[in-house]
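Colleague: I would like to go through this model and hear the grounds for each label. Please set the values against the cut-offs.

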Amino acid sequence: VSMLYDQLAPSHIFPHPSGEVKGLVILVDFSDTPATLSKEEIDAWLNTKGYNKNGLTGSIRDYFLGQSNNMVDFQNEVHGYYRAKQPKSYYDSGGDYSRADELWNEVVTAMDSEIDFSLFDNDKDGKTDAISLLYAGNEGTFGVGLWPHASSSRLKKDGVTLNRYMMTALRSKPTNYVFAHESSHMLFGWPDLYGVGDYCLMGNRGADTNPVGINDVFRADQGWIDVVDIDKETNGTYPAVPDGPAYRYVNPAKTGEFFLWSNVQPTQEWASIKGGGILLWHFDNSIAGNNPPATLQLAVVQAGGTRILSATQWPSPGSAPTDFFYKGNNSEFSATTKPASTWNNGTASGLRIYDISANGPQMTFSVGTGVLP
């Protein structure tokens, strides 16, 4: 691999906190919606390794430890309950998030005497990394009031800017999808992945209690899984196993555009998806976010040759066996196949993946256009 090619291979496109990441959680309830979950219960759900109550197969801490291969230990210090000045119905009203912003300012001002906010600036850059407001009751109306969302603030307390924060509903019992999803906006800067179906935590809200994992493009960018870079000179046969190395083919004419593929099987956190095999992604960092039906920043290259996922904001069903590459469905991805291995501007990438094996936890594939060694 040439030095030039090494420089083209993207690295850390998104923020990448690592090690022990301390988050702050502030619990809020209201005169018309009092708390139903205890502080101790919420602390256990967020922080206890092996948490298995309420149908969950792990805590929030477990989820990020697992997805990061133990590189991110996200622990939350819980404060509250704080009783809001207005009823929940007040903060839930209006046409936007302005009353949620009002609650945010109210809560952090009121709790300032109890909390040393500087403890939550993990990398000592003068900004907090993760503050979560968990409010009693249900979520409300999409895009209005207290609807779950991540945001940023310029408030300063204890010598730090209270930078990234999120808020979400406690509902009647803890579930992991929304907290983990909003935390991922907050911690890693990942966008909402409209148009990728059930293939990422940042996509569909398919498995609400125990959500699916994080796509391997984002995991590779964080350094949570190994990456093997393939280029036009590569001829070889490679193994593909779940949570093993992902394979990447970078556009030499455009830093930030690449194909990445790996073996994804419907086990553990992926148990809710239909099908398994080689899941192929197309990433293009020159595109801002995912806005179907326009070309997406991060798209699943559906092995069946359709754009059912990427043309739809919330595709349903959000996964299918035909989305995966394997012998018996589609065992080749090249210039002449459907789908074809072209870049987003329509030019040929030169990538050829072929002789993809039968679906299973131990798969193989070949790459290149020359003689295999």
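Colleague: Where does aspartate 158 lie?

Modeller: This is a predicted model. In it, aspartate 158 sits in the loop between strand 5 (156-157) and strand 6 (160-161).

Colleague: Why is aspartate 158 called partly exposed?

Modeller: Its relative accessibility is 37%. Buried means under 20% and exposed means over 50%, with partly exposed in between, so aspartate 158 counts as partly exposed.

Colleague: What is the phi of aspartate 158?

Modeller: It is near 55°, a positive value in a residue other than glycine. Most residues other than glycine have a negative phi. Asparagine 54 also has a positive phi, of about 60°, and is not a glycine. Asparagine 54 is in the loop between helix 2 (39-47) and helix 3.

Colleague: What makes threonine 255 exposed?

Modeller: Its relative accessibility is 53%. The cut-off for exposed is over 50%, so threonine 255 counts as exposed. Threonine 255 is placed in the loop between strand 10 (246-250) and strand 11 (257-264).

Colleague: Why is the pair of phenylalanine 64 and phenylalanine 188 called tilted?

Modeller: The centres are 6.1 Å apart and the planes make 40°.

Colleague: What makes the pair of tryptophan 104 and tyrosine 165 stacked?

Modeller: Its centre-to-centre value is 3.8 Å, with 5° between the planes. Planes under 30 degrees apart count as stacked, so the pair is stacked. Tryptophan 104 is in helix 5 (residues 98-110) and tyrosine 165 in strand 7 (residues 164-169), 61 residues apart. Tryptophan 104 and tyrosine 165 are both buried.

Colleague: How many aromatic pairs does the structure hold?

Modeller: It holds 25. One aromatic cluster is formed by Phe14, Tyr63, Phe64, Phe74, Phe188, Trp190, Phe218 and Trp224.

Colleague: Which peptide bonds are cis?

Modeller: The bond from glycine 80 to tyrosine 81 is cis, with omega near 10°. Tyrosine 81 is in strand 2 (residues 72-83). The bond from lysine 338 to proline 339 is also cis, with omega near 0°. Proline 339 belongs to the loop between strand 13 (298-300) and strand 14 (353-354). Most peptide bonds are trans.

Colleague: How do you know that the radius of gyration agrees with a compact globule?

Modeller: For 373 residues, a compact globule would have a radius near 21 Å, and the chain has 22 Å, which agrees. The C-alpha atoms fill a box of roughly 70 × 40 × 40 Å along the principal axes. Of the 373 residues, 53% count as buried.

Technical notes:
Residues are numbered from 1 along each chain as its sequence is written. This is a predicted model: local features need pLDDT of at least 70, side-chain atom pairs count only at pLDDT 80 or more; totals for chains, interfaces and linings use all residues. Side-chain values use heavy atoms; hydrogens and water are left out. The radius of gyration is taken over C-alpha atoms; the globule rule is 2.2 Å times the number of residues to the power 0.38. Buried means under 20% relative accessible area, exposed over 50%, partly exposed in between (1.4 Å probe, protein chains only). Rings of Phe, Tyr and Trp (its six-membered ring) pair if their centres lie within 6.5 Å; planes under 30 degrees apart count as stacked, over 60 as edge-to-face and the rest as tilted. Helices (H or I, at least four residues) and strands (E, at least two) are DSSP runs, numbered from the N terminus.
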